[in-house]
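Good morning, and thank you for coming. Please look at the sequence and the structure first.

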Amino acid sequence: MAASSSVKPVPLLKDELDIVIPTIRNLDFLEMWRPFFEQYHLIIVQDGDPSKTIKVPEGFDYELYNRNDINRILGPKASCISFKDSACRCFGYMVSKKKYIYTIDDDCFVAKDPTGKDINALEQHIKNLLSPSTPHFFNTLYDPYRDGADFVRGYPFSLREGVPTAVSHGLWLNIPDYDAPTQLVKPHERNTRYVDAVLTIPKGTLFPMCGMNLAFDRELIGPAMYFGLMGDGQPIGRYDDMWAGWCIKVICDHLGLGVKTGLPYIWHSKASNPFVNLKKEYKGIFWQEDIIPFFQSATLPKECTSVQKCYIELSKQVKEKLGPIDPYFVKLADAMVTWIEAWDELNTPSDANSAKKANGALPAAAK
């Protein structure tokens with residue numbers, strides 16, 4: 001007898017990818033994503049009050065961590081995980097045991113392409129990650145590995161193999177990812193322009209990474225995907241994903257890895273309050289004029305052959321070069337080291353196949 005037509009096809013990387021979602025509310029938004037997410041494993045990081053019950057629609061395979069779980073699993077090292085800020089999502093990166101991560105915010109919905117078809121953002125991210133990047137020489141047809149594209153005349157044949165892609169950075173329709181001053185002067189601006197392109201960010205070029213629609217190869221770059229110390233008790237917010245983006249770009253450039261940006265689009269449904277955002281961003285707006293030149297000039301010694309070594313070296317430079325600007329950067333540099341220590345404790349080779357730890361016992365490596 002023929003197989004039932006109701007059997008769902010197995011999605012790409014079903015057993016090799018986790019979806020990480022930070023939230024403070026019920027996850028009703030998952031209903032819209034059900035056709036694309038239902039067969040994947042979700043890691044939900046609950047921010048704020050751990051006594052609040054977060055409801056997840058039926059049918060999803062997930063584990064949920066709240067602040068109590070983070071404190072139990074990491075012990076004193078839990079201090080490196082931000083509180084009351086979406087930067088808490090990076091805890092999900094740490095406890096995942098999969099090769100790939102996709103992270104999305106709970107105010108992001110399924111977008112439609114110009115034909116009106118729902119965009120499978122996760123599928124496009126996977127295609128980006130599974131094809132090489134070209135950071136050493138720009139291809140004017142953007143991603144040469146896409147169907148219908150290739151390397152243009154004059155592109156060196158020695159560089160056409162490309163390099164492994166570590167990060168896929170997606171974009172957003174509707175509400176743009178603006179800072180507070182831009183929000184204030186353009187309160188009604190919406191992004192309606194769908195650009196059908198993916199490109200590699202060139203080596204030596206930084207970019208403002210947004211964490212609301214982002215995928216990465218956890219094995220290649222995971223230990224550097226630390227979203228910093230933001231939110232409650234910190235003098236700055238809304239720079240968490242950008243901090244991670246600056247760090248990973250310096251490290252990817254050093255290790256010969258690629259970062260892609262462009263497709264896929266999601267529909268960003270809710271503009272955050274620009275006055276609240278301004279309070280969070282205020283110091284960052286001034287500090288970034290020193291932070292950006294710091295990362296632009298940062299170099300890593302050849303002895304830094306792993307992401308962890310690169311990140312520890314970068315933390316030393318943060319303390320030395322940015323510490324004099326404000327004591328916060330000394331605290332952040334120390335947290336970067338704590339993050340790596342916690343990552344290595346939870347991701348030792350013997351722990352690779354350990355049981356899930358959400359709402360459960362403390363993992364052996366962290367006892």
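The second largest cavity has a volume of about 30 Å³. A cavity here is a set of points on a 1 Å grid, laid over the protein atoms alone, where a 1.4 Å probe fits but cannot get out, and lining residues have an atom within 4 Å of a point. Grid points are joined across faces, edges and corners, and a volume is the space filled by probe spheres set on the points. The lining consists of Thr-134, Phe-138, Asn-139, Tyr-142, Leu-199 and Thr-200. By class, that gives 3 nonpolar, 3 polar and no charged residues. Ala, Val, Leu, Ile, Met, Phe, Trp, Tyr, Cys and Pro count as nonpolar, Asp, Glu, Lys and Arg as charged, and the others, Gly among them, as polar.

The model is predicted, so local features need pLDDT of at least 70 and side-chain atom pairs count only at pLDDT 80 or more, while totals for chains, interfaces and linings use all residues. Residues are numbered from 1 along each chain as its sequence is written, and side-chain values use heavy atoms, with hydrogens and water left out.

The structure holds 2 cavities of 30 Å³ or more. In the largest cavity there is about 50 Å³ of space. Its lining is made up of Met-230, Ile-236, Tyr-239, Trp-243, Ile-291, Tyr-328, Phe-329 and Leu-332, that is, 8 nonpolar, no polar and no charged residues. Helix H10 gives the largest share, 3 residues. Helices (H or I, at least four residues) and strands (E, at least two) are DSSP runs, numbered from the N terminus.

I turn to helix H2, residues 67–74. Which residues of H2 are buried? They are Arg-67, Asp-69, Ile-70, Ile-73 and Leu-74. These lie on the same side of H2, because they cover an arc of only 160° around the axis; the arc is that of the directions from the helix axis to the C-beta atoms. Buried means under 20% relative accessible area, exposed over 50%, and partly exposed in between, with a 1.4 Å probe and protein chains only. The buried residues of H2 pack against strand S2 (41–46), strand S3 (61–65), helix H3 (90–95) and H10 (327–346). At the start of H2, a side-chain oxygen of Asn-66 comes to within 2.9 Å of the backbone nitrogen of Asn-68. Just after the helix, Gly-75 has a positive phi of about 60°.

Finally, the loop between H4 and strand S6 contains Tyr-145. Tyr-145 counts as partly exposed, because its relative accessibility is 26%. Leaving aside residues up to four places away in sequence, Tyr-145 touches Ser-131, Pro-132, Ser-133, Thr-134, Phe-151, Arg-160, Glu-161 and Gly-162, where contact means heavy atoms within 4.5 Å. A polar atom of the Tyr-145 side chain lies 2.9 Å from the backbone oxygen of Arg-160. For the backbone oxygen of Glu-161, the distance to a polar atom of that side chain is 3.5 Å. A polar contact is a pair of N or O atoms within 3.5 Å; within protein, one must be able to donate a hydrogen and the other to accept it, and residues adjacent in sequence count only if both atoms are side-chain atoms.

Thr-140 is found in that loop between H4 and S6 too, and counts as exposed because its relative accessibility is 54%.

Technical notes: 1 Å grid on protein atoms, 1.4 Å probe; cavity = no way out; pocket = protein on both sides within 12 Å on 5 of 7 lines; lining within 4 Å.
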